[in-house]
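The following exercises are to be worked through with the sequence and the structure in view.

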Amino acid sequence: MKNTVKVKGVTIGEGMPKICVPMVGNTLSNLLEEATYLNTLDADLVEWRVDFFEDVLELDKVKEALNKIHALLHNKPLIFTFRSAKEGGEREISSEYYVSLNIEAVKTGLVDLIDVELFSNENDVKTLVEKAHQYGVYVIISNHDFHQTPPKEEIVSRLRKAQDLSGDIPKIAVMPRNTADVLTLLDATNTMKEQYATRPIITMSMAGEGVISRLAGEVFGSALTFGAAKKASAPGQVAVDELRQVLNLLHKSL
Ligand SMILES: O=C1C[C@@](O)(C(=O)O)C[C@@H](O)[C@@H]1O
């Protein structure tokens, strides 16, 4: 039996894929507006994409924002993510600051999961996993390829590597160049689920051709899907309400 990840009453890896909405505000006031709006949506989790925040280089301002966002989220599980520019995010920071930023977030007790990029320095990944677990925070170990879809074996191997590094949820997002690439991602997901995964995984093929992968996670084995509020954080994200309808439809047929 595969392990699930339970946060604030949401069980990731059981039943319907969970819907997560990214917050992409660049200022505190935009973020608070976004958080208020998110409460009107039928989402299971929220991700703060802190790389969009203009004051991300000031730890005090990050913590202040975290406090205020947390207070508005009505107990919805929160993922803290700094996405680096090389993996599709808004900016680059030093590896030292990447580690401090995540450790400070973990220590606030206000985040439920952090997202750590698989291709960060391996010792940094290990440090962050250890710290997060020490504070009862789960870790998504992620990888993003915004230019192509690696071969199936490579996708599976990256997901397995994330699992071997004790990530609670291995994740990969890839860009399709054609529909065969979308099938490659789905096939890799299915193989991971059937043969190797001991925990929930998250996968997606991005942009228009990949949308099916954001909808059909329950069939192929992806436990969570990112839905857009007003502004998407990656190409291909579907509006939350439409996403929920399709997830419900597929769930009923299984
Ligand atoms: O890693 C992911 C997945 C994502 O890139 C997507 O394609 O939906 C969106 C990001 O905000 C998130 O951190």
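**Exercise 1.** Determine the strand order of the open sheet and state which strands stand at its edges.

*Solution.* The nine strands of the open sheet follow the order β9-β8-β7-β6-β5-β4-β3-β10-β11, with parallel pairing. Strands are DSSP runs of E of at least two residues, helices are runs of H or I of at least four, and both are numbered from the N terminus; a pair requires at least two DSSP bridges. β9 (202-205) and β11 (238-239) stand at the edges: each has a single partner strand, so one side of each lacks a neighbour in the sheet. The model is predicted, local features need pLDDT of at least 70, and side-chain atom pairs count only at pLDDT 80 or more, whereas totals for chains, interfaces and linings use all residues. Residues are numbered from 1 along each chain as its sequence is written.

**Exercise 2.** Locate the residues of the UniProt feature "active site" and decide whether H144 and K171 are buried or exposed.

*Solution.* The unreviewed UniProt entry places this feature at H144 and K171; such annotations may be inferred rather than shown by experiment. Although spread over 28 residues of sequence, they cluster in space, with a largest C-alpha distance of 8.5 Å. H144 lies in strand β7 (residues 138-145), and K171 in strand β8 (residues 169-174). A residue is buried with 20 or more other C-beta atoms within 10 Å of its own, exposed with 12 or fewer, and partly exposed in between. H144 is therefore buried, because 22 other C-beta atoms lie within 10 Å. K171 also counts as buried, with 24 C-beta neighbours inside 10 Å.
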